[in-house]
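Please look over the structure below before reading the notes. They cover a helix pair, a surface patch and salt bridges.

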Amino acid sequence: MAQSVDYYAVLGVSASASQDDLKKQYRKLAAKFHPDRNPNDPAAADRFKEISEAYQVVGDPERRKQYDEMRRLGAFGGFSGAGPRGPRAGGGRPGAGGAAGGYGGPGAGAGNIRFEDIDIGGLGGLGDIFSSMFGGQNAGGGRSRAPERGQDVETTLEIPFRTAVAGGKVPIELEVNEECQMCRGSGGAPGAKIQVCDECGGRGSISFGQGGFAVNRPCPACLGRGQRPTEPCPACRGAGELRSRKSVSITVPAGVDTGTKIRLKGQGGRGAKDGPPGDLLITFTVQPDRFYRREGLDLVAPIPINVAQAILGSRVNVRTLDGKKVAVRIPPGTSAGKRFRVRGQGVQKEAQRGDLIVEVAVDVPGQLTPEAEEAMRKFAEAARLSY
């Protein structure tokens, strides 16, 4: 039966959704249908695979561009409008349908139109584009047997405020997909024979059509390998890969802030068939500090002073982030919220360093003794302050 491929529908977003919206929706759905949260639920596992396949394409800006071009040309639901352009004068390539009127002209429905025969200019043939979306298939349609790069892993890491400012090491545990070490990615049990997949005939892909078009997709039975074991691997159940936990020590650069991203080469998932490992992409979230807050590279330190200090002036000691004390002069008549800048005592980031900003908070007593209240009244009268 004909099927259609609408990855936006699979993810439940519109075709005009931004990359950030796509990522948020993918993470939401992946968390909901992840096999670890839905053990022994084949429907959830299938849904998770659909979501992952969809995001593999539309989550990548370049692949999404190619996919959108294919949708525009009617590749997933028949041509719309005038259809794609016809071949050059002299007829189309062999197998293109043999229509004298071109792809969109009369007689185009006389035979199936293959994606690889449709040229869309600089993007190449649609067959090449669709194949490239799924990570490299060989000329026979099966998965390449060449070494495969490991999975890139994205994660968010929450770090203490002072670690973000000064830098340091933070341990983190990740979940990654890695090649099964028992079967070395073949999916077969020890001693099992590897046979040609009876579902796809060894091509590693299956064809489906709609509106006179034929599209290849990775075979769900052999996962695009073109081969299946007589007995599945007991460790990975034939998948060829396992979900595993990996401990990594992260070196946090000094001066990072919430939203800062770093890429650690080779710290992602292990590569298949002796391929290189993927990368680890970390987005930092910084915990608030109980005393300091940050404004760019400046550190803001609120300092409470009493009424007498605010009126008469004073000198207060302020502790810097590295434990030193600096003296700050409070001039007479200082109001609440007044700021004083201590140069070079803020956040160090590469060649730049911010300042320490001392922000005054005037502490007014809640209750006064009769003697203190009388003295305050006399002061108000002497200073001609109304109350």
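Helices (H or I, at least four residues) and strands (E, at least two) are DSSP runs, numbered from the N terminus. This is a predicted model, in which local features need pLDDT of at least 70 and side-chain atom pairs pLDDT 80 or more, while totals for chains, interfaces and linings use all residues. Residues are numbered from 1 along each chain as its sequence is written, and side-chain values use heavy atoms, without hydrogens and water.

**Surface patch**
- A nonpolar patch on the surface consists of I311, L312, L368, M376, F379 and L385, with about 550 Å² of accessible area together (Shrake-Rupley method, 1.4 Å probe; for residues, only the protein chains shown count as cover).
- Patch residues have over 30% relative accessible area and no salt bridge, and nonpolar side chains (Val, Leu, Ile, Met, Phe, Trp, Tyr) are joined within 5 Å, like charges within 9 Å.
- At least two patch residues come from each of α7 (307–312) and α8 (370–382).
- The loop between β18 (356–363) and α8 holds L368.

**Salt bridges**
- The model has 20 salt bridges (a side-chain nitrogen of Lys or Arg within 4 Å of a carboxyl oxygen of Asp or Glu).
- One of them joins E154 and R27 (3.3 Å, N to O).
- E154 is in strand β2 (residues 153–159) and R27 in helix α2 (residues 19–33), 127 residues apart.

**Helix pair**
- Q56, V57 and V58 in α3 meet R63, R64 and Y67 in α4 (contact: heavy atoms within 4.5 Å).
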